[in-house]
Amino acid sequence: MSLIELDDGDIYQGEYDTETEQIDGRGRHIWSNGNVYDGLWKNDQHDGYGRHIFNNRGYYIGEWKDGNMNGYGKYYQEDGDIYEGQWLNNNKEGLGLNKWCDGGQYFGQWVNGEAQGFGVFTCENGDIEVGQWMDGYKHGIQLYIPVDGGQIEISRYENDELIETLLEIDQSQE
């Protein structure tokens with residue numbers, strides 16, 4: 001185990017390759033700005049499984065590759081929002097679940113940090129929207145199911161704008 005004082009007042013404690021003069025193995029990096037990373041390293045980069053606590057009080061636990069969140073991980077934001085799922089180069093990418101602190105949640109496909117592809121959005125009141133998304137907006141066919149037993153709708157959207165309602169089904173009981 002090595003204890004190394006890095007530039008700008010940062011401190012590293014952990015395994016260090018003296019031949020390559022790089023952080024390599026398991027260790028902890030404490031930045032002078034308050035960030036802390038505990039986990040695996042390769043060639044001075046987060047690489048493998050680790051936990052990064054950010055100075056904004058958010059934190060990420062999961063897989064890293066070449067210093068970026070890559071693979072499966074869970075990110076807890078300071079405001080209470082949580083994302084759990086796949087990451088690529090620090091962006092939500094692939095299949096994942098985002099839970100907002102207001103009670104809404106989206107489970108589905110993500111591209112470059114935005115809901116894109118097929119997904120299910122549950123509103124804070126319990127209403128459900130199932131359908132296609134692009135750049136974080138409803139785009140394509142959507143199925144809307146109200147929690148109160150009201151009218152089910154199938155609609156077509158473009159960039160979050162309702163283009164047409166294709167079908168309405170009244171599920172209320174008389």
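E164 is partly exposed, with a relative accessible area of 35%, where partly exposed denotes the range between buried (under 20% relative accessible area) and exposed (over 50%), computed with a 1.4 Å probe on protein chains only. The structure is a predicted model, in which local features need pLDDT of at least 70 and side-chain atom pairs count only at pLDDT 80 or more, whereas totals for chains, interfaces and linings use all residues. Residues are numbered from 1 along each chain as its sequence is written, and side-chain values use heavy atoms, with hydrogens and water left out.

The side chain of E164 meets that of R156 in a salt bridge, with an N to O distance of 3.3 Å; a salt bridge is defined as a side-chain nitrogen of Lys or Arg within 4 Å of a carboxyl oxygen of Asp or Glu. R156 also forms a salt bridge with E158, for which the closest N and O atoms are 3.0 Å apart. R156 counts as partly exposed at 27% relative accessibility, and E158 is likewise partly exposed, at 38%.

In the whole structure, the search finds eight salt bridges. One of them pairs D38 with R28, whose closest N and O atoms lie 2.7 Å apart. Strands (E, at least two residues), like helices (H or I, at least four), are DSSP runs numbered from the N terminus. D38 is buried, with a relative accessible area of 15%, while R28 is partly exposed at 37%.

R28 is also among the residues touched by Q13, together with S2, L3 and G27, when residues up to four places away in sequence are not counted; contact here means heavy atoms within 4.5 Å. Q13 is located in strand β2 (residues 11–17) and is partly exposed, with a relative accessible area of 45%. The C-alpha atoms of Q13 and H29 are 6.6 Å apart, although the two residues are 16 residues apart in sequence.

The chain is divided into domain 1 (1–78) and domain 2 (82–173), with bounds that come from an automatic or database domain assignment. Taken over C-alpha atoms, the centres of the two domains are separated by 35 Å. At the interface, 10 residues of domain 1 are in contact with nine residues of domain 2. The domains bury about 1,000 Å² between them, 44% of it on carbon and sulfur atoms; buried area is the accessible area (1.4 Å probe) that two parts lose on being put together, summed over both.

Across this interface the rule finds one salt bridge. E84 forms a salt bridge with K74, the closest N and O atoms being 3.6 Å apart. Strand β7 (residues 68–76) contributes nine residues, the largest share of the side of domain 1 that touches domain 2. The residues of that side comprise five nonpolar, four polar and one charged.

N89 is placed in the loop between β8 (82–88) and β9 (91–99) and counts as partly exposed at 46% relative accessibility. Leaving aside neighbours within four places in sequence, N89 is in contact with N68, M69 and N70. The C-alpha atoms of N89 and W64 are separated by 8.8 Å, the two residues being 25 residues apart along the chain.

Conventions:
Ala, Val, Leu, Ile, Met, Phe, Trp, Tyr, Cys and Pro count as nonpolar, Asp, Glu, Lys and Arg as charged, and the others, Gly among them, as polar.
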